Amino acid sequence: MWPNKKLAGPWLASFIELNQDSLKDASLAAEDLIHSFEVKAPLLKPDTLLCSTVIAEHKFAFSFGQPYVGNYSVNPACGSSWSKVIVNFEASVSGKQFDRYGALWFGGAELIRLTTQEPSGTPLTKWTFEKDVTTYANLFTKDQSVVLAIDNLVDNVYTGIFDVKVTVDFYALDKKSKASPNAADIIIPLSKSSQAHAWFSLPNGGSPIYSELPKLPGNIVRAELEVFYSPHQKDEFYYGNVPTGLANSDLGLYGGGTFKELQIYIDSTLVGLDWPFPTIYTGGMNPLAWRPIVAIGAFDLPTTKIDMTPFLSLLCDNNTHQIGINVTTAANDFWLVDSNLLLWVDHEKPSNEPFKGQLNYIHVNGSVPKESYTGDLNSTLKVSTSSSNSISASGVVYHSKGWTKTSVSTSVGFYNSLRIFDQTNGQIFDQNTEITYTSLVSNGVDSKLIDSEVNLETKRYPLKGHLLYTTDGPKYQFNTTLSQGLEISTSSSHGLHAEQSLKDMKLKSKLSNYQSTDGFFGTIRPGFATTQQDYSLKSDKQCYNRKVTASGGKVIEDVYPKC
């Protein structure tokens with residue numbers, strides 16, 4: 001979709017419905033087969049594949065509000081303890097169709113938030129991706145419900161049907177591959193259902209969406225919340241939204257501004273925050289740009305993980321509690337959210353014993369986003385938005401081997417510069433998000449410190465775009481130039497007083513993932529786009545580099561530079 005349409009009604013009604021042929025790649029023939037892909041490093045797997053199980057296979061035609069609902073039955077031949085559990089998603093589509101969003105829930109726990117490829121007409125488009133779900137391995141030791149949703153509509157214009165198959169691969173243990181210590185012992189889905197669409201919809205009148213927790217056992221030693229989210233409709237391109245006071249739906253200008261913050265609550269207490277990664281779906285901006293290389297995170301959308309360990313004394317006090325999710329300034333329909341609470345237990349401590357521990361502190365240093373603008377929509381409107389925020393917490397858990405103190409902090413910074421010009425026919429945005437996560441885990445017995453470990457993760461999300469709508473009589477053209485990046489680096493330090501040697505932290509991994517595209521589509525001339533991507537991952541376990549260029553819907557360069 002086009003994020004800021006002065007001619008929103010005509011563009012949607014006449015261009016998409018009647019002239020979608022202009023979204024076809026001029027260089028593609030009907031007999032071509034398109035293999036779409038998201039550039040990322042392959043998953044590391046042991047050479048111990050034990051078995052594979054198909055958990056869902058379905059054709060999504062008129063499936064809006066009608067997900068696939070099935071059942072998973074444990075296969076005794078697959079065992080019950082694995083070194084790795086991988087979900088494989090395979091799909092294909094042809095004909096005319098929009099990009100669609102969806103999700104996979106297993107026993108009510110969401111495992112994948114996804115969007116589909118927007119097809120380019122007659123050529124068949126296929127794509128696959130994998131996701132490591134070893135953390136959720138214990139779900140697969142019991143029979144579960146399976147819900148796979150892709151909300152699709154089919155009629156005499158939109159003919160594309162999504163043919164999907166989901167398989168789970170189980171990797172056996174051997175001398176080299178041990179059962180993953182990261183597999184959670186208890187998984188609590190915080191979703192609406194285990195038999196239907198399970199996500200919640202924001203906004204909720206400005207308030208968080210809450211899910212009630214059961215009473216938790218007293219032997220929990222670690223907790224993590226994984227949050228799934230995706231923005232849609234008027235917030236799909238929130239980085240181009242104007243201040244609410246300037247919103248004009250007739251011009252396709254939506255309010256709420258460019259700043260969005262994902263917030264996590266225990267009851268009414270803010271305990272975690274994150275700033276969303278701005279994923280561009282395959283129908284976004286210029287659909288020709290995302291064939292066959294899709295935007296970063298488009299098939300398997302990024303999630304947010306919040307360390308809840310410091311708050312275990314709140315969660316495990318033998319009372320019921322609620323977990324809340326909110327997105328600030330989500331003024332438009334709609335954001336889809338849900339989450340899973342992952343818990344690890346002390347197997348040497350009875351679950352019915354009272355929890356021992358305390359919350360040492362929680363500090364929130366928030367700021368109201370600074371938003372200013374000059375000019376107006378009749379000429380040029382310039383909007384600047386900036387914000388910073390931080391939250392930190394520390395708590396202690398007492399267990400059978402002593403005690404563990406977990407201290408976590410999140411610091412975030414955001415800036416967006418938005419310019420709307422030529423009577424809203426043009427838009428330029430320049431956005432950058434920076435996030436730093438720090439975790440200090442110390443272990444001890446009685447009053448003696450045994451060891452400690454510091455982990456540091458930094459993320460950066462730059463995004464730039466220049467969009468212009470032009471006309472020549474009754475004909476029109478949309479010009480798009482975009483660039484986006486994802487940088488992630490992780491470092492760690494281990495020792496008796498690890499927090500005192502931050503400057504000596506060892507780099508564990510570094511990801512640099514940059515993508516740029518330039519193109520056009522419309523009725524003045526046949527649509528065309530060129531997309532380039534430069535991906536580099538270096539870690540203590542893996543090194544993977546790839547540079548790939550696609551033009552006119554085909555890959556014209558694909559190299560794997562040496563590490």
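A salt bridge here is a side-chain nitrogen of Lys or Arg within 4 Å of a carboxyl oxygen of Asp or Glu. The model is predicted, so local features need pLDDT of at least 70 and side-chain atom pairs count only at pLDDT 80 or more, while totals for chains, interfaces and linings use all residues. Residues are numbered from 1 along each chain as its sequence is written, and side-chain values use heavy atoms, with hydrogens and water left out.

**Stop 1: Arg-460 and Glu-487**

Select Arg-460 and Glu-487, whose side chains form a salt bridge at 3.4 Å, N to O. Arg-460 belongs to strand E24 (residues 448–472) and Glu-487 to strand E25 (residues 475–495), so the bridge ties together parts 27 residues apart in sequence. Strands (E, at least two residues) are DSSP runs numbered from the N terminus. Arg-460 is partly exposed at 27% relative accessible area, and Glu-487 is partly exposed at 28%. The classes are buried (under 20% relative accessible area), exposed (over 50%) and partly exposed (in between), with a 1.4 Å probe and protein chains only.

**Stop 2: Asp-163 and Lys-59**

Next, select Asp-163 and Lys-59, which meet in a salt bridge of 3.6 Å, N to O. This pair links distant parts of the chain, 104 residues apart: Asp-163 is in strand E9 (residues 162–171) and Lys-59 in strand E2 (residues 49–60). Asp-163 is partly exposed, at 29% relative accessibility, whereas Lys-59 is exposed, at 55%.

**Stop 3: Lys-547 and Asp-534**

Move to Lys-547 and Asp-534, where the salt bridge spans 4.0 Å, N to O. Lys-547 sits in strand E28 (residues 543–551) and Asp-534 in strand E27 (residues 528–539), 13 residues apart. Lys-547 is partly exposed with 39% relative accessible area; Asp-534 is partly exposed with 36%.

**Stop 4: a network**

Select Glu-110, Arg-113 and Asp-338 together: salt bridges link them in a network. The count of salt bridges comes to 12.

**Stop 5: Asp-346**

Finish at Asp-346, in the loop between strand E18 (335–345) and strand E19 (357–364).

Now show the backbone nitrogens. That of Glu-348 lies 3.0 Å from a polar atom of the Asp-346 side chain, and that of Ser-400 lies 2.8 Å from a polar atom of the Asp-346 side chain. Leaving aside neighbours within four places in sequence, Asp-346 is in contact (heavy atoms within 4.5 Å) with Asn-219, Val-221, His-399 and Ser-400.

How values were computed. Helices (H or I, at least four residues) and strands (E, at least two) are DSSP runs, numbered from the N terminus. A polar contact is a pair of N or O atoms within 3.5 Å; within protein, one must be able to donate a hydrogen and the other to accept it, and residues adjacent in sequence count only if both atoms are side-chain atoms.
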